[in-house]
Amino acid sequence: MDNRISRTTAATILNSLKSGVVPRIGLEYITVGRKSEIQALLQDVSIIEQGGAAFRFIEGKYGSGKTFLMHALRNHVMEKNFVVTDVELSVDRRLIGNKGQGLATYRELIRNMATYACPDNGALQLILDKWIGALENEVVQFEGLVPGHEVFDVRVSQKIYKITSSMEERVNGFDFGKVLASYYKGHRTGDMELQKKALRWLCGEYRTRTDAKTDLGVNLIITDENWYDFIKLFADFMVKAGYAGLYVCMDELATLYEIPSRVGREYNYNKLLSVYNDALQGKASHLGIIASVTKEAMEDPVRGVFSFEPLKSRLAESSFEQDGAIQMRDMAAPVIKLSVLNPGEMYVLLEKLANIHGILYGYTPKLEHDDYIYFLKQQYSRTSEGEEATARDMIKDYITLLNLMQQHQEMPKEKILYAMQV
């Protein structure tokens with residue numbers, strides 16, 4: 001039994017999986033398989049750390065582990081000093097829309113910013129305060145000045161200006177830097193209201209340019225059309241603030257496939273193309289993006305991503321991968337296709353979950369090799385012809401089985417296990 005796992009983490013893992021969702025913590029204890037996929041994504045992380053950008057699509061059926069893989073990567077890069085953020089696309093959150101759906105996506109991304117020190121989202125203000133604190137410490141350490149000295153604020157302001165002015169060459173960078181400077185001014189003078197206004201602007205909450213001009217002296221607000229420019233600016237700023245970069249996770253890209261209007265879909269696919277091209281053409285730096293999508297939403301020629309020819313030409317498999325005689329995958333391709341876990345990998349996962357269940361409830365699970373084999377056979381026999389059993393569905397049944405066996409320890413395990421016969 002792996003006693004390194006706390007009971008709190010064990011409870012989070014099991015409760016999340018039983019509900020059919022991916023736990024935010026403890027993924028390292030239940031990760032099986034996916035070695036090639038993880039290695040490919042970690043290669044991207046290395047490129048991003050060095051100033052590059054990367055965009056990957058994770059394609060797979062519902063329950064195949066797309067969200068799991070994204071969250072595992074999210075946790076990993078957070079430990080490597082990245083700022084991470086995520087958004088689940090929906091009817092109200094798209095890449096662009098005539099009702100502010102793109103701006104809603106941006107707001108969610110800013111709201112969900114997280115760091116290793118602040119893993120539960122809402123980290124933007126912490127990031128800004130840490131940035132200012134680090135610059136103040138530099139003035140103390142290297143110039144021998146202390147807060148309250150008549151020159152101290154001047155030297156810190158000069159450092160702030162140097163950083164913010166360096167962003168002016170980027171699209172919308174002048175206004176972005178000016179708002180950062182306003183946040184610092186509020187910090188320096190104790191004007192919390194000014195800090196709040198700067199945060200509101202950075203979060204995309206100003207509705208009119210007039211209000212932004214009055215409050216902050218900028219002629220620009222974040223909108224449905226320009227929000228991605230500010231994601232790139234944030235990625236650049238994060239490095240200046242002492243982080244490795246910004247990593248963005250977008251779940252449920254299939255939402256775009258479900259847009260009823262062809263024009264609406266194409267607007268969103270065109271925005272997706274623009275974001276993807278930025279990563280490939282070096283127009284973004286220190287920025288990683290990963291998006292999950294179902295096979296149908298990606299490859300449907302009428303409504304899917306591949307219905308938009310410029311994206312299809314960039315994302316479709318090469319002729320080598322399409323040749324069924326060649327059982328190889330190009331792991332450097334933009335689309336990583338997930339197959340379901342094989343029976344051997346599922347076996348290992350069942351063992352891990354039994355161990356975690358025992359930690360949570362303080363007992364030693366009684367399941368043995370033949371029990372795991374029996375459970376798997378029963379699960380695979382339930383799937384319809386031509387379909388694949390998903391890990392999500394199996395795990396939900398399995399945790400129910402573990403619960404029943406723990407709650408009725410006086411009953412022979414076989415009686416509970418064999419009650420699952422189809």
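Predicted model: local features only at pLDDT ≥ 70, side-chain atom pairs only at ≥ 80, totals over all residues.
A residue is counted as buried when its relative accessible area is under 20%. The buried positions comprise Gln101, Gly102, Leu103, Thr105, Tyr106, Glu108, Leu109 and Ile110. Their packing partners are strands E2 (83–88) and E3 (246–251) together with helices H5 (124–143), H8 (192–202) and H10 (227–240).

Strands E2 and E3 belong to an open sheet of five strands, ordered E2-E3-E4-E1-E5 with parallel pairing. From one strand to the next, the twist averages 20 degrees.

Strand E3 is parallel to E2, to which it is joined by six bridges; within this pairing, Glu88 has Asp251 of E3 as its bridge partner. Five bridges connect E3 to E4, again in parallel, and Val248 is partnered by Ile289 of E4. Six of the six residues of E3 are buried, so this strand is largely enclosed by the rest of the structure. In a regular strand, side chains alternate between the two faces of the sheet. Both faces of E3 are covered, with Leu246, Val248 and Met250 buried on one side and Tyr247, Cys249 and Asp251 buried on the other.

Strands E1 (residues 53–59) and E4 (residues 287–293) run parallel and are joined by seven bridges. Ile289 of E4 is the bridge partner of Phe55. Helix H12 (residues 262–281) packs on the sheet in contact with E1 and E4, and its direction makes about 130 degrees with that of E1.

Conventions
Residues numbered from 1 in each chain as written. Heavy atoms only, no water. Buried < 20%, exposed > 50% of the residue type's maximum accessible area, 1.4 Å probe, protein only. Helix = DSSP H or I, 4+ residues; strand = E, 2+ residues; numbered from the N terminus. Contact = heavy atoms within 4.5 Å. Pairing = 2+ DSSP bridges. Axes fitted to C-alpha atoms, helices over the stretch in contact; angles between N-to-C directions.
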